[in-house]
Amino acid sequence: TGMTTWVLFLLAAEGRIVRGRPRGAWTSSQWRWVPAASWLPAPLPRLDEQQARDALARRWLTTYGPATVNDLKWWSGWTLTQTRKALAAIDAVEVDLDGTPGLVMPDDVDVESSPEPWAALLPALDPTVMGWKERGWYLGEHGSALFDRSGNAGPTVWWNGCIVGGWAGRKDGRVAFQLLEDVGVDAAAQVEAEAARLEAWLGGVSVIPRFRVPLERELAA
């Protein structure tokens, strides 16, 4: 890793610069950096470490709950003590996750109604895929095909809240996908329709993830 990458990262973490638009096409990995004051109406607020951890824990659990203490510890990189202290500060409520202790925000304890069946094709490293350490409940046995050896997720196909396959953008602009389990005829048809919608939205642009996973490589060939 070049030194410039770390300098830019630290300047961004301090709120001094922000990443602007890419150079060239929107798929470019070269970005323009600009002073934060030119984009933001006011400087970022200064928080002490505990305030920052509490705020981050609240946002994470609001988005990813119900989840476990171990999930947040892994996602944040905090110690176990720091993780538990932040969860206590936001009054997280314990719930049962099929025999495993989980946590939700105090205003999120009611049982939600089941949504209509849905399909989605999510990109590599999507926050939904990378939000939890314990992934068996939505990933099943598909980790070796959809993750690389460093734990980076490739493009995934979702059906009704679970990962059921993967997809890739080919050089000719087509979107190819493969289901890794039998989801039924109706579900497969909805996945196919979602792939066609994504292909039309991309408009012939081929998106190649920075971190390649086995199934994505196979489908992109």
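The legends below describe a predicted model.

**Figure 1. Overview of the predicted protein.** The secondary structure of the protein comprises 8 helices and 8 strands. Along the principal axes, the C-alpha trace spans about 50 × 50 × 30 Å. Of the 221 residues, 33% are buried. The accessible surface amounts to about 14,200 Å², and carbon and sulfur atoms hold 54% of that surface. Among contacts with a separation of 6 or more, 53% join residues 24 or more positions apart.

**Figure 2. A cis peptide bond between Gly65 and Pro66.** The peptide bond joining Gly65 and Pro66 is cis, with omega at about 0 degrees. Pro66 belongs to the loop between helix 2 and helix 3, the latter formed by residues 69-76. Most peptide bonds are trans.

**Figure 3. The crossing of helix 2 and helix 4.** Two packed helices are described by the angle between their axes and the distance between the axes. Here, the axes of helix 2 (residues 49-64) and helix 4 (residues 80-89) come within 9 Å and cross at roughly 70 degrees. Because angles of 65 to 115 degrees count as roughly perpendicular, helix 2 and helix 4 are described as roughly perpendicular to each other. Helix 2 contributes Gln50, Arg53, Asp54, Ala57 and Leu61 to the contact, while helix 4 contributes Gln82, Lys85, Ala86, Leu87 and Ala89.

Figure 4. Most residues other than glycine have a negative phi. Asp91, although not a glycine, has a positive phi of about 60 degrees. Asp91 is located in the loop between helix 4 and strand 3 (93-97), and its relative accessible area of 53% makes Asp91 exposed. Leu125 is likewise not a glycine and has a positive phi of about 60 degrees. Leu125 occupies the loop that runs between strand 5 (119-122) and helix 5 (136-139). With a relative accessible area of 37%, Leu125 is partly exposed.

**Figure 5. The surroundings of Glu194.** Glu194 is part of helix 7 (residues 185-202). Its relative accessibility is 19%, so Glu194 counts as buried. Apart from neighbours within four places in sequence, Glu194 is in contact with Ala119, Ala120 and Leu121. Ala120 and Glu194 are separated by 74 residues in sequence, yet their C-alpha atoms are 6.5 Å apart in space.

**Figure 6. A nonpolar surface patch.** Trp6, Phe9 and Leu10 make a nonpolar surface patch of about 370 Å². Leu10 lies in helix 1, which is formed by residues 3-13. Leu10 is partly exposed, at a relative accessible area of 48%.

Definitions and conventions. Residues numbered from 1 in each chain as written. Predicted model: local features only at pLDDT ≥ 70, side-chain atom pairs only at ≥ 80, totals over all residues. Heavy atoms only, no water. Patch = residues over 30% accessible without salt bridge, like charges linked within 9 Å, V, L, I, M, F, W, Y side chains within 5 Å. Areas by Shrake-Rupley, 256 points an atom, 1.4 Å probe, with all protein chains shown as cover. Salt bridge = Lys/Arg side-chain N within 4 Å of Asp/Glu carboxyl O. Helix = DSSP H or I, 4+ residues; strand = E, 2+ residues; numbered from the N terminus. Buried < 20%, exposed > 50% of the residue type's maximum accessible area, 1.4 Å probe, protein only. Axes fitted to C-alpha atoms, helices over the stretch in contact; angles between N-to-C directions. Parallel < 35°, antiparallel > 145°, perpendicular 65-115°, else oblique. Contact = heavy atoms within 4.5 Å.
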